[in-house]
Amino acid sequence: MSKQLYQEIEKKQAQEDFFIEINTDACWWASLSSEHILELAFLLSQNALPVWEKYDFFGKIENQLHSVRLLPARALKGIGDILIRKRESADDKHLNNFFTSFVTPVIQFRDGDLNLPYEVKSAFLSVFDILKGMLSVRNPFLAVRCFSSSITRSMDAIVISNLLTNKEISMLTQKYLLLTVKGLP
């Protein structure tokens with residue numbers, strides 16, 4: 001992050017109620033670069049993951065989800081490794097394997113065969129959307145749409161489950177909001 005961006009963040013933090021104000025515009029992240037929108041989707045999915053992990057799966061559902069219970073966490077770790085190395089296309093096979101593992105539960109969600117609360121499905125699907133976007137690098141519009149969907153799903157899961165306050169969400173997203181401000185690199 002540039003020195004100018006740090007200075008801008010410090011100025012904004014000094015303003016009263018900065019953290020509460022910044023997330024009021026729906027889809028403000030749409031103007032971010034694909035790299036930054038992917039980072040934001042990843043960050044928010046990580047924060048939404050406890051909704052999936054802490055859900056009390058019981059009986060039949062536990063048996064259905066046993067093989068995919070840890071899938072979102074493993075996928076996010078793989079995505080994080082790719083983001084750290086800045087190598088998107090080099091790990092297509094790895095991403096494809098994760099994506100394929102998500103397909104059956106996603107179909108079960110959509111068909112109604114696997115009935116879970118909205119926020120639990122949203123946390124799971126936020127990771128799926130990141131994978132779908134990363135595998136859509138040849139179609140930048142689709143990739144950004146997938147990352148944006150991931151952000152929306154993560155935010156829904158976080159807000160509905162009261163995992164984070166508005167101020168905490170704002171603190172997580174402030175860097176990306178400031179990147180949308182004109183005149184900043």
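Student: In this predicted model, are F102 and F124 buried or exposed?
Tutor: The model is a predicted one, and burial is judged here by relative accessible area, with under 20% as the cut-off. Both residues of this pair fall into one class, for F102 is buried, and F124 is likewise buried.

Student: How do the rings of F99 and F128 lie relative to each other, stacked or tilted?
Tutor: A pair of aromatic rings is described by the distance of the centres and the angle of the planes. For F99 and F128 the centres are 5.0 Å apart and the planes stand at 20°. Planes under 30 degrees apart count as stacked, and therefore the pair F99 and F128 is stacked.

Student: Which helices does the pair of F99 and F128 tie together?
Tutor: The two residues are 29 residues apart in sequence, so their pairing ties together separate parts of the chain. F99 is partly exposed, with a relative accessible area of 21%, whereas F128 is buried, at 5%. F99 belongs to residues 92-111 and F128 to residues 118-134, which means that the helices tied together are α6 and α7.

Student: And how are the rings of F102 and F124 arranged, stacked or tilted?
Tutor: The ring centres of F102 and F124 are 4.7 Å apart, and their planes meet at 40°. This pair links distant parts of the chain, with F102 in helix α6 and F124 in helix α7, 22 residues apart. Because the angle between the planes is 40°, the pair F102 and F124 is tilted.

Student: Which residues do the ring pairs link into a cluster?
Tutor: The count of aromatic pairs comes to 5, and the stacked pair F99 and F128 and the tilted pair F102 and F124 have been described above. Ring pairs link a cluster whose members are W52, F99, F102, F109, F124 and F128.

Student: Are α3 and α8 roughly parallel or roughly antiparallel to each other?
Tutor: Helix α3 (residues 34-53) and helix α8 (residues 140-160) have axes that come within 8 Å and cross at roughly 30°, in a left-handed crossing. Angles under 35 degrees count as roughly parallel, and therefore α3 and α8 are roughly parallel.

Student: How many polar residues are in the contact of α3 with α8?
Tutor: Among the residues of α3 in this contact are S34, S45 and N47, and those of α8 include S148, S150 and S154. The contact of α3 with α8 has 13 nonpolar residues and no charged ones, while its polar residues number 6.

Student: Is S45 buried or exposed?
Tutor: S45 is located in helix α3. Leaving aside residues up to four places away in sequence, S45 touches L76, S126, V127, I130, S150 and S154. Because its relative accessibility is 0%, S45 counts as buried.

Student: What distance separates the C-alpha atoms of K93 and L135?
Tutor: K93 is in helix α6 and is exposed, with a relative accessible area of 67%. K93 and L135 are 42 residues apart along the chain, and the separation of their C-alpha atoms is 9.8 Å.

How values were computed
Residues are numbered from 1 along each chain as its sequence is written. This is a predicted model: local features need pLDDT of at least 70, side-chain atom pairs count only at pLDDT 80 or more; totals for chains, interfaces and linings use all residues. Side-chain values use heavy atoms; hydrogens and water are left out. Axes are lines fitted to C-alpha atoms, for helices over the stretch in contact, and angles run from 0 to 180 degrees between N-to-C directions. Helices (H or I, at least four residues) and strands (E, at least two) are DSSP runs, numbered from the N terminus. Angles under 35 degrees count as roughly parallel, over 145 as roughly antiparallel, 65 to 115 as roughly perpendicular and the rest as oblique. A crossing is left-handed if the near helix is turned anticlockwise from the far one by less than a right angle, and right-handed if clockwise. Contact means heavy atoms within 4.5 Å. Ala, Val, Leu, Ile, Met, Phe, Trp, Tyr, Cys and Pro count as nonpolar, Asp, Glu, Lys and Arg as charged, and the others, Gly among them, as polar. Rings of Phe, Tyr and Trp (its six-membered ring) pair if their centres lie within 6.5 Å; planes under 30 degrees apart count as stacked, over 60 as edge-to-face and the rest as tilted. Buried means under 20% relative accessible area, exposed over 50%, partly exposed in between (1.4 Å probe, protein chains only).
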